[in-house]
Amino acid sequence: MSRHVPPPPAPDNAPKALEDELGAAPDPARALPEFRYYADPFESGVMRTSGETCQCCGKATGYIYGGSFFAVGSESHFCPWCIADGSAAAKFDGEFNDAAGVGMGEVELPMPVIEEVSQRTPSFFSWQQEQWWAHCNDAGRFLGEIEHVDRALLASENAADFVRETCEAVRLEPGEGWQSLLDTPSGDRSFAVFVFGCLHCGKLGGYVDHS
Ligand SMILES: [Zn+2]
Ligand SMILES: [Zn+2]
């Protein structure tokens with residue numbers, strides 16, 4: 001088995017979407033698939049506009065996935081549709097997110113939830129093996145690295161436990177220390193903070209990923 005490790009998170013000033021000169025442009029009439037457990041794969045950069053051909057369906061849809069895919073073969077560049085409908089994971093017998101990390105090893109989740117996250121949901125760029133936060137007996141929705149997460153949401157009551165736990169994890173004071181974390185782009189930190197939201201109660205959670 002080989003793991004196709006993506007590059008570390010791009011510096012903050014890197015372009016998030018690079019348009020290829022060759023190949024198809026996105027078809028505006030074709031709606032992108034929605035990922036229940038992933039708010040915006042374009043913002044995190046694992047999905048981008050590109051003329052590249054999908055290694056699953058062979059079509060240039062105008063979009064390509066460049067995140068991790070854990071499989072025997074080397075294929076890992078897929079269109080959003082082949083990820084969302086499970087055909088890429090099925091065809092190459094792989095997973096985008098480590099099934100064992102769904103629930104972060106703390107919560108047992110229903111198998112259909114684990115399968116949707118591991119086989120039909122894009123991954124995100126991380127240093128360590130990714131984990132997936134869960135709450136209310138369901139996987140959470142990945143909201144992104146903390147620098148991309150809405151500040152009002154992070155200041156809300158739903159975030160209180162997450163802020164406290166994150167401060168403990170990185171040894172920061174919840175007041176000024178937390179603010180300095182929010183003010184520091186991820187590229188200037190030695191760790192990333194991944195944030196998830198509960199689809200049922202709205203609570204935030206996540207974890208710290210150390211380089
Ligand atoms: Zn495809
Ligand atoms: Zn919840």
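## Terms and model

Two strands pair if DSSP finds at least two bridges between them. Strands (E, at least two residues) and helices (H or I, at least four) are DSSP runs, numbered from the N terminus.

This is a predicted model: local features need pLDDT of at least 70, side-chain atom pairs count only at pLDDT 80 or more, and totals for chains, interfaces and linings use all residues. Residues are numbered from 1 along each chain as its sequence is written, while chains are lettered from A and ligands numbered from 1 in the order in which they are written.

## The whole chain

The protein chain has 7 helices and 9 strands. Of its 211 residues, 37% are buried. Buried means that 20 or more other C-beta atoms, placed from the backbone, lie within 10 Å of a residue's own.

## The sheet

Three strands make an open sheet. Their order is β7-β8-β9, and the pairing is antiparallel. β7 (141–145) and β9 (204–210) stand at the edges with a single partner strand each, so one side of each has no neighbour in the sheet. Neighbouring strands are turned by 25 degrees against each other on average, direction ignored. Such angles are taken between axes, which are lines fitted to C-alpha atoms (for helices over the stretch in contact); they run from 0 to 180 degrees between N-to-C directions.

## Strand β7 and its partner

β7 is joined to β8 (residues 191–197) by 4 bridges. Here E145 stands opposite F194 in β8. R141 stands opposite G197 in β8. In β7, 4 of the 5 residues are buried, so the strand is largely enclosed by the rest of the structure.

Conventions: Buried ≥ 20, exposed ≤ 12 C-beta atoms within 10 Å, placed from the backbone.
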